[in-house]
Amino acid sequence: MLKIENLVKYYGEKKILHEIDFSLESGDICAFIGANGAGKTTTIKSIVGLIPFDGGQIFVNGMDVEKESVETKKILSYVPDNPELYGFMRGIDYLNFIGDIFSLPYEVRKEKIETYGQAFGIYDRLGESIDSYSHGMQQKIALIGALIHSPKLILLDEPFVGLDPLATRFVREEFRRLAKEEGVTILFSTHVLEVAEKLCNKVAIIKNGSLVLFGNTEDVLSEVSLEDLFVQRMSDNE
Ligand code: ATP
């Protein structure tokens, strides 16, 4: 579902990503972890097509994201850590706007908006303008927008930051369900290692723009916690 081959990215003279290389299968949930500034967001933005990259290739469901950018965008979703929504719109307008972009049939979008709106506890507030929402509510709208068109690949930057405990639990359970029942592939950056350990079957650790570990969570964590492993990898000098 996602194949990243030797991804290289420069900002000016500075090499930010050093030949990043890993793949995810359908139904994988992968935690992308690393220190601040390691290159997680840059990698995710490259996959989504928000920034150009300088070397390597990225494939989504077999499609080259550079050559088939519109087709790949049809099957993926991206939620940044600070979603910038159209504040003048009402929540419901924004979700319908997303529904229109993805040509979502009326009945399907109605059902999804109701289900996710209720689950996130904001269904009754969808008639209000996004500007009037709290940060967490805006994050919930962005998440609903990312889920309603049934993407095959979901990429998220710090999805759990700012969510209340009920919403956090719902997102965790929904990710599990989507991966298991619908084969959705999910890659998210996080600093919350406990969530990563409980939720993800794959883990990727990036350090200074290089991938220092990638594998099945149960294999890499057979004897140590993710926190211990992370600390160990960060202090390695390789
Ligand atoms: P965090 O955990 O803090 O979100 P991150 O792993 O997502 O960090 P990135 O945002 O990918 O890190 O940043 C990787 C590197 O690229 C950092 O050194 C950052 O300063 C640099 N960088 C990011 N965006 C730009 C930009 N637009 N121009 C120049 N350098 C940038």
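Two strands count as paired if DSSP finds at least two bridges between them, and helices (H or I, at least four residues) and strands (E, at least two) are DSSP runs, numbered from the N terminus. With that in hand, meet strand E3 (residues 29–33) and strand E8 (residues 185–189), which pair in the parallel sense over four bridges. What you see is a predicted model, in which local features need pLDDT of at least 70, side-chain atom pairs count only at pLDDT 80 or more, and totals for chains, interfaces and linings use all residues. Residues are numbered from 1 along each chain as its sequence is written, and side-chain values use heavy atoms, leaving out hydrogens and water.

**The sheet**

- Six strands make an open sheet of mixed pairing, in the order E6-E7-E8-E3-E9-E10.
- At its edges are strand E6 (76–79) and strand E10 (210–216), each of which pairs on one side only.
- Strands of a sheet pair through backbone hydrogen bonds, either parallel or antiparallel.

**Around strand E7**

- E6 and E7 run parallel and are joined by four bridges; leucine 76 stands opposite leucine 153 in E7.
- On to E8, E7 again runs parallel, here with five bridges.
- Serine 189 in E8 is the bridge partner of aspartate 157 and also of phenylalanine 32.
- Five of the five residues of E7 are buried (under 20% relative accessible area, with exposed meaning over 50% and partly exposed in between, for a 1.4 Å probe and protein chains only).
- Leu153, Leu155 and Asp157 point one way from E7, while Ile154 and Leu156 point the other way.
- E7, H6 and E8 form a right-handed β-α-β unit: with the strands pointing away from the viewer, the path from the first strand over the helix to the second runs clockwise.

**Helix H4**

- Helix H4 (residues 106–119) has 14 residues, which at 1.5 Å a residue should span 20 Å, and its end C-alpha atoms are 20 Å apart, which agrees; the expected span is 1.5 Å times one less than the number of residues.
- Buried in H4 are Arg109, Lys112, Ile113, Tyr116 and Gly117.
- These residues lie on the same side of H4, because they cover an arc of only 120° around the axis, taken from the directions from the helix axis to the C-beta atoms.
- They pack against helix H3 (91–101), helix H5 (135–147) and helix H6 (165–182), where contact means heavy atoms within 4.5 Å.

**Lysine 180**

- Lysine 180 sits in helix H6 and is exposed, with a relative accessible area of 77%.
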